[in-house]
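Biologist: Could you take me through some of the contacts in this structure, one question at a time?

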Amino acid sequence: MSSVWIDLSYLVVIALFIFGLKGLTHPRSAVRGNLLGSLAMLLAVVFTLMGTEQFDWSLIALGIGIGAVAGVILALRIQMTAMPQLVALFNGFGGLASVFVAGAYLILILKKSSPGSDVLVATAASGLIGAVTFTGSLLAFAKLQELKFIKDIRFPGQKLLNLGLLIGGIVLSVLLVNSPEHANLYYWLMVVLSLALGVFLVISIGGADMPVVIAMLNSFSGLAAAATGFVLSNNLLIVAGSLVGASGLILTQIMCVAMNRSLINVVFGKLQPSSGSGPDADVVYANVKSTSPDEVAIQLEVASRVVIIPGYGMAVAQAQHAVSDLSDFLTERGVIVEFGIHPVAGRMPGHMNVLLAEADIPYDQLKEMDEINATMDQVDVAIVLGANDVVNPDAANDPNSPIAGMPIIEAHRARTIVVIKRSLSPGFAGVPNPLFALENSFMLFADGRQAVVDILAALREG
């Protein structure tokens with residue numbers, strides 16, 4: 001196919017990508033948007049192959065086969081609770097692909113001629129950003145998976161080390177551009193430094209900040225892909241990578257606001273420790289009161305408005321379908337049921353929205369943090385299901401708390417609070433939550449799904 005037709009085909013693919021992203025902005029159109037994006041990627045591969053004169057079909061078939069098998073296995077076996085980890089891996093392997101594609105093209109072009117400075121600059125950017133994305137994403141995956149050998153590691157001079165690795169990578173990039181005869185050596189040395197930078201950037205960041213990191217690495221993977229597009233002179237890859245990079249950057253900013261973090265601090269790994277100082281848990285929880293499913297049912301029977309605030313605990317317990325049943329039962333009895341969604345509840349942006357949509361909960365019941373906070377004092381019962389840091393009043397009341405200044409869902413303003421948790425263990429921020437010991441707060445210690453099932457059974461029994 002001629003280059004003119006290929007470019008025209010790319011315009012169609014780009015339009016599909018844009019319409020796909022537009023669809024993903026609202027739950028009602030998210031499935032359609034996802035299908036449009038998938039179709040666009042399929043057409044992108046087909047049109048790219050049609051525009052290439054020489055390639056090894058056997059390698060292409062092998063790559064498609066491996067990718068298809070891996071995709072089917074992941075789609076069938078990955079639980080919704082592990083979706084953030086899967087996203088982290090996608091980001092990482094996207095970055096690694098950019099590193100190898102740019103490096104392979106550099107080796108190829110150096111055998112034929114001396115590449116221009118524009119190609120070398122793009123190659124350096126692709127390798128540097130892609131390598132940081134790869135190791136950073138693997139560390140994010142390990143933290144999200146709560147692997148025991150990965151902890152929040154900090155040591156004296158760590159920030160200086162990060163700065164030194166970054167400067168070293170930039171210096172090698174400059175040498176790569178100005179000394180094409182040694183470009184291969186400089187490129188792979190830069191990749192090694194960037195791999196190390198990705199490790200030390202993320203390894204010190206606490207689990208509470210992983211939603212911000214996931215969004216940031218998603219943006220990095222797109223920027224690496226866009227740079228690779230400049231290396232290959234592929235307009236479609238440039239646009240697609242730019243779309244991912246820009247949307248990831250916007251999402252990163254949204255997450256930063258929700259976590260009360262600055263974007264610069266996130267990029268340079270200066271997030272606050274996740275296990276900082278604070279009051280002793282025994283003191284905070286001295287007046288905790290426990291409750292039972294029957295007692296919660298009594299509260300719900302006389303309630304006119306109920307707000308459910310989900311967190312990662314709901315995902316772990318796979319309680320979203322039980323929650324949907326409870327919501328339907330209360331709604332049928334004339335109770336107004338809403339869901340307060342914090343932007344960083346769970347382990348990645350939109351995690352709770354995905355889980356609740358999977359359980360067919362109506363989209364208009366999902367309320368963003370600012371909207372639900374505006375009327376929280378009119379709520380009869382607030383059910384906190386597996387959430388912790390995102391409802392911690394210390395974020396507003398204790399300036400010395402590691403989460404000080406973080407916007408929260410103000411569950412403490414509800415008339416009655418029911419917190420469903422297995423124990424009083426802290427969230428990822430590692431600090432006690434005084435919400436659990438408020439006078440109007442009651443703890444229901446149980447598995448999230450079983451607790452909701454028991455509450456619903458008690459309601460049905462009257």
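Modeller: Contact here means heavy atoms within 4.5 Å, and the model is a predicted one.

Biologist: With that cut-off, which residues of α8 do the listed residues of α4 meet?
Modeller: On the α4 side the contact involves Pro-84, Val-87, Ala-88, Asn-91, Ser-98, Val-101, Ala-102 and Tyr-105. Their counterparts in α8 are Ile-214, Leu-217, Asn-218, Ser-221, Ala-224, Ala-225, Thr-228, Val-231 and Leu-232.

Biologist: Are α4 and α8 roughly parallel or roughly antiparallel to each other?
Modeller: The axes of α4 and α8, the latter spanning residues 210-232, come within 9 Å and cross at roughly 25°, and α4 passes α8 in a left-handed crossing. Angles under 35 degrees count as roughly parallel. The two helices are therefore roughly parallel.

Biologist: How many aromatic pairs does a search of the whole structure find?
Modeller: A pair of aromatic rings is described by the distance of the centres and the angle of the planes. Searched as a whole, the structure gives a count of 3.

Biologist: Is the pair of Phe-93 and Phe-134 stacked, tilted or edge-to-face?
Modeller: The ring centres of Phe-93 and Phe-134 are 6.2 Å apart, and their planes stand at 50°. Planes under 30 degrees apart would count as stacked and planes over 60 as edge-to-face. The pair of Phe-93 and Phe-134 is therefore tilted.

Biologist: How many residues apart in sequence are the parts that the pair of Phe-93 and Phe-134 ties together?
Modeller: Phe-93 belongs to helix α4, residues 83-112, whereas Phe-134 belongs to helix α5, residues 117-144.

Biologist: How are the rings of Tyr-187 and Trp-188 arranged, stacked or edge-to-face?
Modeller: Tyr-187 counts as buried at 0% relative accessibility, while Trp-188, at 30%, counts as partly exposed. The centres of their rings lie 4.9 Å apart with the planes at 85°, so the pair is edge-to-face.

Biologist: Which residues does Gln-85 touch, not counting those up to four places away in sequence?
Modeller: Gln-85 lies in helix α4 and, at 5% relative accessibility, counts as buried. With residues up to four places away left out, its contacts are Phe-141, Leu-144 and Gln-145.

Biologist: How far apart in space are Pro-115 and Pro-180, C-alpha to C-alpha?
Modeller: Pro-115 is found in the loop between α4 and α5, and at 8% relative accessibility it counts as buried. Pro-115 touches Ile-109, Leu-110 and Leu-120, not counting residues up to four places away in sequence. Although Pro-115 and Pro-180 are 65 residues apart in sequence, their C-alpha to C-alpha separation is 7.4 Å.

Biologist: Is α12 oblique or roughly parallel to α18?
Modeller: Helix α12, residues 293-301, and helix α18, residues 448-461, pack at an angle of about 60° with their axes 8 Å apart. That angle makes the arrangement of α12 to α18 oblique.

Biologist: Over the face of which residue does Lys-289 lie?
Modeller: A charge sits over a ring if, among other conditions, NZ of Lys is within 6 Å of the ring centre. Lys-289 is placed at 5.4 Å from the ring centre of Phe-442.

Methods
Residues numbered from 1 in each chain as written. Predicted model: local features only at pLDDT ≥ 70, side-chain atom pairs only at ≥ 80, totals over all residues. Heavy atoms only, no water. Phe/Tyr/Trp six-rings, centres within 6.5 Å; stacked < 30°, edge-to-face > 60°. Helix = DSSP H or I, 4+ residues; strand = E, 2+ residues; numbered from the N terminus. Buried < 20%, exposed > 50% of the residue type's maximum accessible area, 1.4 Å probe, protein only. Lys NZ or Arg CZ within 6 Å of the ring centre and 35° of its normal. Axes fitted to C-alpha atoms, helices over the stretch in contact; angles between N-to-C directions. Parallel < 35°, antiparallel > 145°, perpendicular 65-115°, else oblique. Left-handed = near helix turned anticlockwise from the far one by under 90°.
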